[in-house]
Amino acid sequence: MATVPARPAPFPFDPDTTALLVIDMQRDFLEPGGFGETLGNDVGQLRRVIAPTAALLAGCRAAGLRIIHTREGHLPDLSDCPPAKLLRGAPDLRIGDPGPNGRILVRGEYGHDIVDELAPLPGEPVVDKPGKGAFYATELAELLTGVRSLVVAGVTTEVCVHTTVREANDRGFECLVLADCVGSYFPDFQRVGLEMIAAQGGIFGWVATSTEFLAALPARHLEEIS
Amino acid sequence: MARIGPVKAEPYPWPYDGDVPVDRTALLCIDWQTDFCGPGGYVDSMGYDISLTRAGLPATAALLAHVRALGMLVVHTREGHDPALTDLPANKRWRSRQIGAEIGAAGPCGRILVRGEPGWEIVPEVAPVAGEVVVDKPGKGAFYATNLDLVLRTHGITHLILTGITTDVCVHTTMREANDRGYECLILSDCTGATDAGNHAAALHMVTMQGGVFGCVAASTDVIAATIH
């Protein structure tokens with residue numbers, strides 16, 4: 001067992017039963033000129049997450065941790081997009097509309113894919129999800145067979161990261177959210193989102209930084225990986 | 001058939017499709033249990049101020065009377081575990097022990113968060129009446145490991161109005177689950193409450209961002225005012 005200093009208490013984990021979950025680091029949310037920016041959001045708030053998450057991925061790959069990526073998006077015919085999600089409000093761009101990087105939040109489009117800096121390697125599963133939570137209507141639970149602890153990175157903190165951590169926590173997974181590897185367009189929600197995770201004795205999980213986690217991660221011998 | 005809507009709400013008049021007949025709408029009353037809002041219960045034992053979690057009771061009781069008269073489906077939920085604690089994840093038990101109120105341990109209102117114990121019961125102000133559905137859930141979300149989705153779809157429900165406690169934990173988790181499943185959700189600011197007033201406000205604010213990422217926020221009086229008989 002390894003231990004990471006964390007809020008509200010040290011986070012113990014066994015690397016053999018721990019997976020890294022990287023949530024929705026997609027071009028549409030992170031890149032200038034993408035969907036997120038066209039909605040008036042400051043993508044700089046999210047882009048600061050890319051560098052520490054790239055370092056986190058490198059460290060987890062070297063240690064032989066399981067790594068899973070997620071993407072939010074819908075089938076091209078939008079048959080998996082609930083009307084309440086598609087038609088709500090009066091945005092300039094709706095899901096499925098042509099946007100700067102292809103059709104908004106549609107699987108297979110350029111904007112729907114993960115940013116180059118954090119591109120999945122062969123063998124790393126990519127879970128496509130129709131909602132905010134990565135467990136609902138996906139194969140994630142099956143992919144996590146034998147996993148007890150989840151280390152969580154991605155965007156945005158209060159929406160998809162929070163929903164997925166809440167789902168994972170109810171399913172008995174122990175979640176460590178890395179404060180510098182999750183991001184929100186809104187600094188207040190970044191702060192309160194992290195506070196809510198660790199409130200009431202860690203009601204949804206633990207919070208630490210990627211530096212603290214990487215320092216606690218034992219490097220695995222090469223022959224052990226092979 | 002009475003209809004609800006459009007309700008004066010943030011960030012758009014609810015629901016997105018204008019109005020909804022009451023037979024496609026359900027009122028969710030989440031975890032109004034002594035353990036979360038009664039003297040001697042779990043939240044009280046952890047040292048929080050239960051006046052914050054009780055604050056939504058009068059408005060919820062008034063709204064219940066209104067929707068019962070309309071014939072709307074009412075679903076109550078209770079968080080709790082079976083007496084043998086077979087459905088209690090190890091980390092949830094460990095955390096509750098760390099904070100001094102271990103789930104399953106004896107407290108002033110019986111064993112904490114255990115099904116059948118006095119503290120686990122719904123408080124009298126908003127207690128279920130005959131014919132109303134009660135869903136027992138082991139987690140924060142009311143959809144995971146329960147029959148809630150089946151019950152709602154069997155009744156033809158497409159729209160949900162949410163009340164209960166606590167705003168940032170069980171109500172929010174359930175609203176997120178419902179939203180992903182395509183239900184059009186409205187959370188009521190005066191019929192919810194949290195152990196921390198700041199978290200209550202932040203949780204409501206989060207709902208309204210990005211065009212209503214999880215749905216809408218309104219007051220119960222706005223729902224009553226938007227009822228078309």
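Axes are lines fitted to C-alpha atoms, for helices over the stretch in contact, and angles run from 0 to 180 degrees between N-to-C directions. In this predicted model, local features need pLDDT of at least 70, side-chain atom pairs count only at pLDDT 80 or more, and totals for chains, interfaces and linings use all residues. Residues are numbered from 1 along each chain as its sequence is written, with chains lettered from A and ligands numbered from 1 in the order in which they are written.

In chain B, helix α7 (residues 167–180) packs against helix α8 (residues 197–208) at an angle of about 25°, the axes lying 9 Å apart; helices are DSSP runs of H or I of at least four residues, and strands are runs of E of at least two, numbered from the N terminus. α7(B) is therefore roughly parallel to α8(B) (angles under 35 degrees). B:T167, B:D168 and B:H172 of α7(B) meet B:N199, B:H200, B:A203 and B:L204 of α8(B), contact requiring C-beta atoms, placed from the backbone, within 7 Å. This contact has 2 nonpolar, 4 polar and 1 charged residues (Ala, Val, Leu, Ile, Met, Phe, Trp, Tyr, Cys and Pro count as nonpolar, Asp, Glu, Lys and Arg as charged, and the others, Gly among them, as polar).

Between the chains, 28 residues from chain A and 30 residues from chain B are in contact. On the side of chain A that touches chain B, α7 (157–170) and α8 (187–202) of chain A each supply at least two residues. That side comprises 12 nonpolar, 8 polar and 8 charged residues.

Elsewhere, A:L178 touches residues including A:L56, A:V152 and A:F213, with residues up to four places away in sequence not counted.

Definitions and conventions:
Contact = placed C-beta atoms within 7 Å. Parallel < 35°, antiparallel > 145°, perpendicular 65-115°, else oblique.
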